[in-house]
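Student: I have a new structure to look at. Can you take me through the terms used to describe it?

Tutor: Gladly. Here it is.

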Amino acid sequence: RGGDRRGGGGGNGGGRGLDRGLDRGLDRGMDRDRDRNRGRHEHDRDREGPGDRHGDRRGNNSSGIGNNNNSNNNSSNNNSNNRHLDPHDPMNSGDSHGYPCKYQTLEEVVGQLLAVAQDQNGCRFLQRKFDEGGAAAVAVVFAEVLEHIVGLMVDPFGNYLVQKLLDRCSEQQRLEVLQRCADLNELGSVALNTHGTRAVQKLIETLSSREQRQIVISALKDGVVPLIKDLNGNHVVQRCLQRLGPEDSQFIYDAACENCVDIATHRHGCCVLQRCVDFATPPQRKVLVGRIASHALALSQDAFGNYVVQYVLELGHVEGSVAVIRELAGHFAELSMQKFSSNVVEKCLKLSGVDPERETIVRELMGSPLLQRLLQDAYGNYVVQSALAVTHGGVHHELVEAVKPHVITLRGTPHGKRILQRIGVK
């Protein structure tokens, strides 16, 4: 039932899953981009005649893709696959550049860096040279990298070269990269790009001085809300929270508090807001939780906002939990019959350390004129079941007595039968 009630999107797990997806190795990402390009080259080969230079690789199959039912085609495709395994084969990347063969030293690349970096094999060649030579190797082509830094960061292959450069360069070189991006006022737009987000995250991960951090903060703070709500940009903000530290991330907390509802009700924003709670100092967390609690009524009814409210309740901080419950008071019956907010009400009932507030919720439910509807509602019945499960003593007895007048109608519904089992009535 939980999956049906909660729908898709948002949530704590979603944020972690997105975050984990960005931590894959450089080669794996490059292979994925290579496969996309290979598909385009296969399409180009289909348009060429049977006597072109690729004819022997495709056999008689004009599709150029292969047929699993044709052994000749399978053999041809296997040979093609073997050629992709040879790093010295000019056909390796699906094009005819063959940079690993054409260039042996970095000095030969000078003046042509952009074209080489935008080729898969050329990019790998440059990365290998950076690994071997470190900052000295970077220095050979650094002027060209700096000139084309934005274009490289958003390129399917070039972004991996930038990431490698940031790992191997000197502190001064990294500072120059930062200053160049800041001068061009492009760091925010690069962070929104599918490929650029990887390079910007690497840039944030490798920051090593106060000066470098201040450049990044200045470049991102004015556009932080669009970043938070973007498919790619939200990961850059999360990386800032992880790497900059709570004090340097204050610009994110300021934006989160000022735009709390806008962010919390967004698919990506709700995940970022939860990470803000995770990485905050106690004073920052108190302010942010207080702001979320003040909007708990609206957020609880939202497809994404309800996850933020539940996350605050799961912290186990009595002050924050009580603030949420007080904000919802007077609306528990209506909230219990809604898909998203019913989860929040159940979470409130199951909290520890808030016994007086729990009793208040139960008394509000059993005294509501909507109780009969609540008992038979697709969502509300689960709230009543939870209330029966967590109450004891006099309050539990009063709740059972409030339910008993509706026994006859409850017997006719699947939801009602579950409640009758809870109160011991057949």
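Tutor: Start with one term: a salt bridge is a side-chain nitrogen of Lys or Arg within 4 Å of a carboxyl oxygen of Asp or Glu. Keep in mind that this is a predicted model. By that rule the count is 17 salt bridges.

Student: What makes Lys202 and Asp167 a salt bridge?

Tutor: Set the value against the cut-off. Their N to O distance is 3.3 Å. The limit is 4 Å, so the pair qualifies. Lys202 sits in helix α13 (residues 196-205) and Asp167 in helix α10 (residues 158-168), so the bridge ties together parts 35 residues apart in sequence.

Student: How do you know whether Lys202 is buried or exposed?

Tutor: Buried means under 20% relative accessible area. Lys202 has 15%, so Lys202 counts as buried.

Student: Why is the pair of Glu205 and Arg239 called a salt bridge?

Tutor: N to O is 3.0 Å for Glu205 and Arg239. The rule asks for within 4 Å, so this pair passes. Glu205 belongs to helix α13 and Arg239 to helix α16 (residues 233-243), 34 residues apart, and the pair links distant parts of the chain. Glu205 is partly exposed at 25%, while Arg239 is buried at 4%.

Student: Which residues are linked in a network of salt bridges?

Tutor: Asp167, Lys202, Glu205 and Arg239.

Student: What makes α16 mostly covered?

Tutor: Count its buried residues: 9 of 11. Among them are His235, Val236, Arg239 and Leu241. Just after α16, Gly245 takes a positive phi of about 90 degrees.

Student: How far apart are Asp278 and Arg275 in helix α19?

Tutor: They are 3 residues apart, about one turn of the helix, which covers residues 269-279. An α-helix has 3.6 residues a turn, so residues three or four places apart point the same way. The closest N and O atoms of Asp278 and Arg275 are 2.9 Å apart, and the two form a salt bridge. Asp278 is partly exposed at 33%. Arg275 is buried at 7%.

Student: Which residues of α17 and α19 meet?

Tutor: Ile252, Tyr253 and Ala256 in α17 meet Leu273, Cys276 and Phe279 in α19. By class, this contact has 6 nonpolar, no polar and no charged residues.

Student: At what angle do α19 and α20 cross?

Tutor: Roughly 145 degrees, with the axes of α19 and α20 (residues 282-294) coming within 9 Å. That crossing is left-handed too. Leu273, Cys276, Val277 and Asp278 of α19 make the contact with Arg285, Leu288 and Ile292 of α20.

Student: What makes some residues in the contact of α19 with α20 charged?

Tutor: Asp, Glu, Lys and Arg count as charged, so Asp278 and Arg285 belong to that class. The contact has 5 nonpolar, no polar and 2 charged residues.

Note on methods. Residues are numbered from 1 along each chain as its sequence is written. This is a predicted model: local features need pLDDT of at least 70, side-chain atom pairs count only at pLDDT 80 or more; totals for chains, interfaces and linings use all residues. Side-chain values use heavy atoms; hydrogens and water are left out. Helices (H or I, at least four residues) and strands (E, at least two) are DSSP runs, numbered from the N terminus. Buried means under 20% relative accessible area, exposed over 50%, partly exposed in between (1.4 Å probe, protein chains only). Contact means heavy atoms within 4.5 Å. Axes are lines fitted to C-alpha atoms, for helices over the stretch in contact, and angles run from 0 to 180 degrees between N-to-C directions. A crossing is left-handed if the near helix is turned anticlockwise from the far one by less than a right angle, and right-handed if clockwise.
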